[in-house]
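Dear colleague,

I am passing on the structure we spoke about, and below it I set out what was found in it. Please read the notes with the coordinates open beside you.

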Amino acid sequence: MRFDQLLENDDLLDALWDMHFDECTPIQEQAIPAVLDGRDLLACAQTGTGKTAAYLLPVIDILSTYKYPQDAVNCVIMAPTRELAQQIDQQMQGFSYFLPISSMPVYGGTDGYTYDQQRRSLKAGADVVIATPGRLIAHLSMGYVDLSKVSFFILDEADRMLDMGFYDDIMQIVTRLPKERQTLLFSATMPPKIQQLANSILNNPHEIKLAVSKPAEKIRQKAYVCYETQKLPILTSIFKETPPEKVIIFSSSKLKVKELAKALKNEKYKIGEMHSDLDQDIREDVILDFKSGKINVLVATDIMARGIDIDDIDLVVNYDVPRESEDYVHRIGRTARADRDGNAITFISEKEIEKFKRIERFLGKEVQKGAIPQELGEGPAYVSKKSKAKTDRKKKYYPRNRKQHTKPKKEGHKPSVG
């Protein structure tokens, strides 16, 4: 379906034409009519499906067609990270280029001038405010932000916001909003806590659930079953064999990211790190350096797994197995973009075997296992704890050589005399 079959505003359609937006994606085709009809929305769709446009385009269309207060905040969009807030704002600027609609990104890690700019825009009433929860709460606490006239409240990547501990912040912001509003909730996954949030803030929502797609066939997937201490030596061995050009390495915690980045710097690789402890200016510089090639290996937490578009990444490394199958798809989906081929490597420690077996069940296939370099010794067997316990029980009670083993007799049992 084309956008001109769903949207009516000519200026908005002109902007889409200039941006080469022609055909709707499935999430856009289903979400845009529901939003235009005034329905609350609960949408489950993974990153990369076009969900940002799925909510921005109908909201822009409505704001530009009907009369809304010019001195008030009319729409609040919540995002889990500064990077995603910036990206949403960039798309907002493009879509509304020919329209008199104002927007303001509101996030932390900025200087005093930017904070003051945010304060002025919030007081004056930007049409669309794109905010991270913590920074919006900070402005609200100062008493100059009025959200009583908000007509649209949008949560993007709601599952990540809850994972990051923003539930209370979101509910605190909800108390400042009018009850008569349109609420749109987008999430890549639909765990019980998201359903609980939806039940709290949505009113008879239209539901869209797009199945999480499998990774692109162009991604060559490989895994190494190894001990935790073998991960770094295997990684450096891979880099020696194939020098890294543009690589993202995902790790499970900020501490591990810092330690791994330090270890790789000692090996003389051009390393950058990305995690929530870094100031916003530093994070932006790291992204620019990575895009330009000044950095060719970026070590990151899952802050980079969604919402960051860099087309020429040739390798993604899961230094730690992600917690959910969807996270695996999001991570390795950073490569093989824009019709390119890509590679994904995962290191599986003994404790992570069961998690990776779940991922393989989701993929519907077994990922090829690579051989550990001989000088590093052998890795653990690729057997889950459940399977191992079952095998051990069989060995105990059903030994192979049954003639040499008999079931232990009960204490006090006397053989019958015949």
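Leucine 155 has leucine 185 of E6 as its bridge partner, and this belongs to the pairing of strand E5 (residues 152–155) with strand E6 (residues 182–187), which runs in the parallel sense over four bridges. Please keep in mind throughout that this is a predicted model. Helix H9 (residues 192–201) packs on the sheet and touches E5 and E6 as well as strand E1 (41–44), with a direction that makes about 175° with that of E6.

As for the sheet as a whole, seven strands form an open arrangement with parallel pairing, in the order E3-E4-E2-E5-E6-E1-E7. Strand E3 (103–106) and strand E7 (206–209) stand at the edges and have a single partner strand each, so one side of each is left without a neighbour in the sheet. On average, and with direction ignored, neighbouring strands of this sheet are turned by 10° against each other. Across E3 and strand E4 (128–131) lies helix H5 (residues 112–124), which runs at about 135° to E3.

A separate point concerns aspartate 61, which is found in helix H3 (residues 51–65). Aspartate 61 is buried yet has no salt bridge, and the nearest side chain of opposite charge, that of arginine 2, is 15 Å away.

How values were computed:
Residues numbered from 1 in each chain as written. Predicted model: local features only at pLDDT ≥ 70, side-chain atom pairs only at ≥ 80, totals over all residues. Heavy atoms only, no water. Pairing = 2+ DSSP bridges. Helix = DSSP H or I, 4+ residues; strand = E, 2+ residues; numbered from the N terminus. Axes fitted to C-alpha atoms, helices over the stretch in contact; angles between N-to-C directions. Contact = heavy atoms within 4.5 Å. Buried < 20%, exposed > 50% of the residue type's maximum accessible area, 1.4 Å probe, protein only. Lys, Arg positive; Asp, Glu negative; His and termini not counted. Salt bridge = Lys/Arg side-chain N within 4 Å of Asp/Glu carboxyl O.
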